[in-house]
Amino acid sequence: MSEKDKYRPRTRLVHDGQSRSPFGETSEALYLTSGFVYDSAEQAEARFREEDEGYIYSRFGNPTVRTFEERMMALEGADDARATATGMAAVTAAMLSLLKAGDHVVAARALFGSCRYIVETLLPRYGVETTLIDGRDLDAWQQAMRPQTKVVFLETPSNPLLEIIDMQAVADITHAHGARLVVDNVFATPMLQRPLDFGADIVVYSATKHIDGQGRCLGGIILGNEDYVRDELANFLRQTGPALSPFNAWVMVKSLETLPVRVDAHCDNAETLADFLAEHKAVNRLIYPGHGDHPQYDLAQRQMTRGGNLIAFDVGTDKADAFNFINALEIASISNNLGDAKTLITHPATTTHFRLDDAAKAELGIRPTTLRVSIGLEDTADLVEDFTRALAIT
Ligand SMILES: *Cc1c(COP(=O)(O)O)cnc(C)c1O
């Protein structure tokens, strides 16, 4: 731990991890290089023996990528971290670095589509058994645990219906069985919720979402303690190669400087929109973790500092009503992406979750009328007017 640890997160997000070149640039340098050269054959030998600190090859590590990792470590309160090319690369690598054939995984069933594929379809192909449960039900976690359980995986708030899972309670069950808890913290962002403070062992992100925040680059990151990163994760990544591009890392580094202001502005807008939708007669159900009538509002208050920028709600009585509404929106664009400066709305039943059968959709509460909106940074009054106009058509 260094001298700068004394500063608060917002300061560290602007300054941590910068390694200035001899030119003394103000902004972080972009070290867009795949390889590195050595002063001598002896130095090359020493570096491979890990007797000389320094970079070898950007698949193993890169100074710009390290700046991004160090800023995320400061924000998350993690000992160490490794960035990846995408959020899915982070989820997959976190899982595979911890598992082998014969192990067992317990996961909440309300997961981002690709995460559910990894758990439900991919891992079993390699001899890892998996159990999916209702993450809100603590007895279900308890009952699903087996002596072979090595990893417990969850997302809170979940996609798309923003269910909240009690991380500390699940961490306690996980640890009582000698397993490790991996939390996908994309929806809350590191500004609103720090899973390590609630007992999680490993936190994963798609940096593609709020961390970039402007819809430009794909990226991901895995954060955890020093032993895990050094002994289990680092070599897995080095040999399998899902490395983050230094260019994308540089974009993320610059984005982190404004993450606190952006997330606050996202939440301001989302709170206003949630209040507006809750009162509107064409809206049949509103789910927002920052709204008093969320079924797990108290738990959300305990784990999150604010409600986030994602809202789920139901419009009209059938799919046609939901489609008419989103087609009528002018500012909000139809997109399955989220965490962007632009407001994005999606119809989960026909897009992100279309592969699930009707029973699985019903289990998750995804109806033909359900919409998920990622509230952006536009003027709140314009968003309310846009929604008012489009709801009037429905
Ligand atoms: C987007 C997302 C991912 C995957 O991230 P990519 O960067 O698209 O690979 C994983 N989990 C959640 C919750 C997400 O929203």
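I began with Phe-60, which comes out as partly exposed at a relative accessible area of 29%, where partly exposed means between the 20% under which a residue is buried and the 50% over which it is exposed, using a 1.4 Å probe and protein chains only. The model is a predicted one, in which local features need pLDDT of at least 70 and side-chain atom pairs count only at pLDDT 80 or more, while totals for chains, interfaces and linings use all residues. I number residues from 1 along each chain as its sequence is written, and side-chain values use heavy atoms, with hydrogens and water left out.

I then looked up what surrounds this ring, and found the charged end of Arg-238 over Phe-60, 3.8 Å from the ring centre; the rule asks for CZ of Arg or NZ of Lys within 6 Å of the centre and within 35 degrees of the ring normal.

Next I listed aromatic pairs, taking rings of Phe, Tyr and Trp (its six-membered ring) with centres within 6.5 Å, planes under 30 degrees apart being stacked, over 60 edge-to-face and the rest tilted. By this rule I have six aromatic pairs. Tyr-57 and Phe-60 make one that is edge-to-face, at 5.7 Å centre to centre and 75° between the planes, and Tyr-57 is partly exposed at 36% relative accessibility. Phe-325 and Phe-387 make another edge-to-face pair, at 5.8 Å and 70°. Phe-325 belongs to helix α13 (residues 319–328) and Phe-387 to helix α15 (residues 380–393), so this pair ties together parts 62 residues apart in sequence; I take helices as DSSP runs of H or I with at least four residues, numbered from the N terminus.

I turned to helix α3 (residues 63–76), where 12 of the 14 residues are buried, so the helix is largely enclosed by the rest of the structure. Among the buried residues I noted Phe-68, Glu-69, Arg-71 and Glu-76. At the start of α3, a side-chain oxygen of Asn-62 comes within 2.8 Å of the backbone nitrogen of Thr-64, and Gly-77, which follows the helix, has a positive phi near 70°.

A polar side-chain atom of Asp-184 lies 2.6 Å from a ligand nitrogen, and a ligand oxygen is 2.8 Å from a polar backbone atom of Met-88. The ligand taken alone exposes 380 Å², of which the protein buries 92%, by the Shrake-Rupley method with a 1.4 Å probe.

Terms used. Helices (H or I, at least four residues) and strands (E, at least two) are DSSP runs, numbered from the N terminus. A polar contact is a pair of N or O atoms within 3.5 Å; within protein, one must be able to donate a hydrogen and the other to accept it, and residues adjacent in sequence count only if both atoms are side-chain atoms.
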